[in-house]
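This report covers selected packing and pairing features of one protein chain. The sequence and structure are shown first.

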Amino acid sequence: MRSDRIKTALEFAPHRALLKATGVTDADMGKPFIAIVNSYVDIVPGHVHLQEFGKKVKEAVRAAGGVPFEFNTIAVDDGIAMGHEGMKFSLPSRELIADSIETMISAHPFDGMVCIPNCDKIVPGMLMAAVRVNIPAIFISGGPMAAGRTPDGEVIDLISVFEGVGAVQAGRMSRSRLKVLEDYACPSCGSCSGMFTANSMNCLMEALGIALPYNGSALANTPEREELAQRAAALILELVERDLRPRDIITAEAMDDAFALDMAMGGSTNTILHALAICNEAGIPYSMERINQVSARVRHLCKVSPAGKWHMEDVHRAGGIPAILNEIHRATGLLHLDRPTVSGKTMGENLLGAQIRDEEVIRRWENAHSTDGGLAILFGNLAPRGSVVKTGGVTADMRRFSGPARIYESQEDALRGILAKEVQPGDVVVIRYEGPKGGPGMQEMLSPTSAIMGMGLGDKVALITDGRFSGGTRGACIGHISPEAAAGGPIAALQPGDVIEINLDERTLNVRLSDEEIARRLAELPPFQPRTTSRWLRRYQQFVTSADTGAVLMC
């Protein structure tokens with residue numbers, strides 16, 4: 001076993017002495033040492049229950065014949081960090097999580113690990129670490145929260161509150177109604193109830209095969225979620241015995257299948273950023289163009305909030321991720337069903353018996369919401385290396401749109417301008433210098449996009465940025481523009497009034513300027529000046545790569 005490095009030879013007597021101080025016995029020395037990589041923190045609703053959840057996982061590992069050792073990672077709540085300086089630390093926290101897990105796994109040679117993530121950056125951070133250290137691993141998330149319900153019966157979620165702020169500002173909602181939304185939107189622990197980034201990533205782990213079926217949809221604090229945890233804890237011992245590792249499971253073909261699911265369910269645009277980062281860690285070449293190829297072959301089957309009225313509890317009731325994957329394969333034969341998974345079965349065996357139980361929530365292929373996927377990559381003279389849009393959240397009349405640029409140099413300036421009613425119907429709002437380097441940290445833009453929706457401009461205004469969006473964003477919002485402004489990308493050349501053209505059907509994003517004019521303007525710009533005094537963010541700024549490569553840190 002890998003852990004024999006610290007517990008067998010004569011010279012490791014001091015190591016054994018230290019282990020015994022933690023409660024390890026001589027009998028334990030012959031058992032696999034299993035890391036329980038938890039992400040419990042009190043301030044994040046998706047993680048506040050994970051301390052007790054982790055204890056149950058530890059008990060199950062011990063009952064299965066392993067010796068569990070728990071440690072924690074940090075966790076940033078994007079909703080709480082949203083709209084202020086804290087959001088600049090959200091994406092960088094992904095790198096800290098991956099690095100800290102690598103540190104713990106390398107310093108203490110565990111034989112396997114059970115990862116307990118739930119929210120936005122924690123899932124990809126743990127996945128990046130898993131393929132980096134490449135020891136047997138299984139993931140069991142904390143589970144989504146139930147949707148909120150107001151006393152008058154309206155089904156709501158966190159995005160209802162964000163959009164309510166804009167509605168109040170526009171005089172379309174009373175403050176008392178906003179208080180009702182605030183009080184009832186988040187009724188329990190768990191990851192926020194829609195197909196936002198956390199739940200998108202937790203669902204994708206099923207398609208990758210690194211988590212068990214229904215990991216993405218079984219609600220938090222339910223007997224079903226606890227049963228999944230028990231199974232995962234027992235299975236890690238089998239994975240160690242078989243020496244089945246993350247890189248055996250997470251392959252290019254697994255990524256194809258994960259993106260097929262992503263397109264069918266219209267997941268968060270952040271999934272693309274994180275999947276590319278995971279591919280980078282695993283040494284898997286995977287291009288933005290390949291994502292569009294998957295999107296072109298998969299239909300949009302499931303519109304979950306913010307794109308539709310359904311929530312994760314509805315997806316679970318309707319058959320969960322296995323039902324969606326089964327429908328994709330039934331119609332296309334695209335999936336790679338012979339892949340290994342952590343369940344001990346192939347992907348195809350995991351899908352046996354899966355069926356759609358509610359065709360309104362999960363549509364049949366023949367009745368899809370659209371004939372292409374719910375996400376797309378746009379290219380053009382404004383995004384030579386690509387940009388990302390959640391097509392499933394864009395209304396039909398906004399799929400082709402052009403208008404004059406209304407430019408803001410930061411998210412904060414944009415939010416002030418939107419709430420001050422500077423933005424007019426027909427505008428294309430441009431928020432730049434918010435990319436990985438420029439922000440730094442590539443802030444999510446949920447506050448300005450929610451304000452646009454709440455003020456009734458969602459079908460009249462587009463927004464483009466080199467930053468990124470929350471999974472809760474909807475509308476004609478295009479992010480991850482690469483190269484970013486701080487790296488000399490064409491978005492930095494834009495001037496107020498330049499006409500921007502968006503064509504989702506042709507997958508293009510352009511400005512009506514010649515290449516020569518763009519080059520001339522860029523050459524005249526002053527050097528980019530960092531906008532943070534944080535030592536961590538300045539280091540991050542020095543080493544982070546573009547969004548089209550996953551915004552990872554260069555070695």
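## Helix α18

In α18, the buried residues are Leu-446, Ser-447, Pro-448, Thr-449, Ser-450, Ala-451, Ile-452, Met-453 and Gly-454. The model is a predicted one. Helix α18 spans residues 446-454 and is mostly covered, with nine of its nine residues buried.

After α18 comes Gly-456, which has a positive phi, near 80°.

## Nonpolar cores

The largest nonpolar core holds 118 residues, and the members that touch the most others are Met-113, Ile-250 and Ile-324. Helix α11 (residues 252-265) supplies the largest share of this core, ten residues.

Leaving aside residues up to four places away in sequence, Ile-324 touches Leu-261, Ala-264, Met-265, Cys-302, Val-315 and Ile-362. There is also a second, separate core of 31 residues, including Ile-464, Ile-478, Ile-500 and Val-511.

## The four-stranded sheet

An open sheet is formed by four strands in the order β2-β1-β3-β4, with parallel pairing. Strands β2 (67-72) and β4 (137-139) lie at the edges, each pairing on one side only. From one strand to the next, the twist averages 20°.

Strand β1 (residues 33-38) runs parallel to strand β3 (residues 112-116), and five bridges join them.

Technical notes:
Residues numbered from 1 in each chain as written. Predicted model: local features only at pLDDT ≥ 70, side-chain atom pairs only at ≥ 80, totals over all residues. Heavy atoms only, no water. Core = buried A, V, L, I, M, F, W, Y, C linked by side-chain atoms within 4.5 Å. Buried < 20%, exposed > 50% of the residue type's maximum accessible area, 1.4 Å probe, protein only. Helix = DSSP H or I, 4+ residues; strand = E, 2+ residues; numbered from the N terminus. Contact = heavy atoms within 4.5 Å. Pairing = 2+ DSSP bridges. Axes fitted to C-alpha atoms, helices over the stretch in contact; angles between N-to-C directions.
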